[in-house]
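Here are my notes on the model you sent over, point by point. Have the structure open while you read.

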Amino acid sequence: ACTKCDGGKKSNEKAASCLSCVGGTYSGEGADRCASCEAGKYSDVGATSCGTCDGGTWSSKNSTECSSCPRGKYSGSSSSSCTYCDAGKFSGARASSNCESCASGYYSNAGSHNCSACVGGTYSNTGWAECVGCGSGTYSETASSACTKCDGGKKSNEKAASCLSCVGGTYSGEGADRCASCEAGKYSDVG
């Protein structure tokens, strides 16, 4: 009498024994061939089914294991590849299943594994891909989430990291981009 091969094994016609399915393939009971595991799945030798790759990992067809996504990329479960994080987001660890948004005052390019601080004179909000320059009459320090108006007696150009004091004989109000001259018969000290 002939006996069915167990799951995870196969046999040809007139076989004297059953052969185990190689890694990356599987079979049910009584199979004459082993089927391939799809991309995003994997199996060991003699498998009766394929396992699913977890989020943060991926595999190609006929894989025996799932590979971790590198930093700056992510994947969901059953993935055949990893995806770059969008600009304004990052993944700092291998095997990430999602990307995090950059904090205010920071930015990132696509595929980043960290965020960079905005330079003085620029700012950003959470998840921004780039920093925006401060307008004239305002300034910002490194890693700022907003620009601040210059105090009275000071001025700034666009993208300023600090405000400059008005020279003697000139003055300004809050948020000024230039200092005005005092009229004849009036004066001002520096700032």
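1. Cys21 and Cys34 are both buried (buried means under 20% relative accessible area, exposed over 50%, partly exposed in between, with a 1.4 Å probe and protein chains only). The two form a disulfide, with the sulfur atoms 2.0 Å apart; the cut-off for a disulfide is a pair of cysteine sulfur atoms within 2.5 Å. The link of Cys21 and Cys34 is left-handed, with -80° about the S-S bond. Cys21 sits in the loop between β2 (19–20) and β3 (25–26), and Cys34 in the loop between β3 and β4 (35–36), so the bond ties together parts that are 13 residues apart in sequence. Strands here are DSSP runs (E, at least two residues), as helices are (H or I, at least four), numbered from the N terminus.

2. Before going on, a word on where this comes from: it is a predicted model, in which local features need pLDDT of at least 70 and side-chain atom pairs count only at pLDDT 80 or more, while totals for chains, interfaces and linings use all residues. Residues are numbered from 1 along each chain as its sequence is written, and side-chain values use heavy atoms, with hydrogens and water left out.

3. Next, Cys53 and Cys66, another disulfide, with sulfur atoms 2.1 Å apart. The torsion about their S-S bond is about -85°, so this disulfide is left-handed. It links distant parts of the chain: Cys53 is in the loop between β6 (51–52) and β7 (57–58), Cys66 in the loop between β7 and β8 (67–68), and they are 13 residues apart. Is each end buried or partly exposed? Cys53 counts as buried at 1% relative accessibility, whereas Cys66 counts as partly exposed at 23%.

4. Cys69 and Cys82 are joined by a disulfide too, S to S 2.1 Å. Its handedness is left, with -90° about the S-S bond. Again the pair links distant parts of the chain, 13 residues apart: Cys69 lies in the loop between β8 and β9 (73–74), Cys82 in the loop between β9 and β10 (83–84). Cys69 and Cys82 are both buried.

5. How many disulfides does the count come to? The answer is 11. Cys2 is in no disulfide, and the nearest cysteine sulfur, that of Cys5, is 10 Å away. Cys2 is exposed, with a relative accessible area of 84%. For Cys182, the closest cysteine sulfur is in Cys166, and the 9.2 Å between them is too far for a bond.

6. Now the rings. The structure holds 1 aromatic pair. It is made by Tyr123 and Trp128, and it is tilted, at 5.8 Å centre to centre with 50° between the planes. (Rings of Phe, Tyr and Trp, the last by its six-membered ring, pair if their centres lie within 6.5 Å; planes under 30 degrees apart count as stacked, over 60 as edge-to-face and the rest as tilted.) Trp128 is partly exposed, with a relative accessible area of 27%. Elsewhere, Lys73 lies over the face of Tyr84, 4.4 Å from the ring centre; the rule wants NZ of Lys or CZ of Arg within 6 Å of the ring centre and within 35 degrees of the ring normal.

7. Take a look at Ser172, in the loop between β21 (170–171) and β22 (180–181). Ser172 is buried, with a relative accessible area of 13%. Its side chain reaches the backbone oxygen of Lys154 at 2.7 Å. Leaving aside neighbours within four places in sequence, Ser172 is in contact (heavy atoms within 4.5 Å) with residues including Asp151, Gly152, Cys166 and Arg178.

8. Lys186 is in the segment after β22 and is exposed, with a relative accessible area of 58%. Lys186 and Gly169 are 17 residues apart in sequence and 8.2 Å apart in space, C-alpha to C-alpha.

9. Finally, the whole chain. The secondary structure comes to 0 helices and 22 strands. The C-alpha atoms fill a box of roughly 120 × 15 × 15 Å, taken along the principal axes. Buried residues make up 29% of the 191. Among contacts between residues at least 6 apart in sequence, 24% join residues at least 24 apart.

Terms used:
A polar contact is a pair of N or O atoms within 3.5 Å; within protein, one must be able to donate a hydrogen and the other to accept it, and residues adjacent in sequence count only if both atoms are side-chain atoms.
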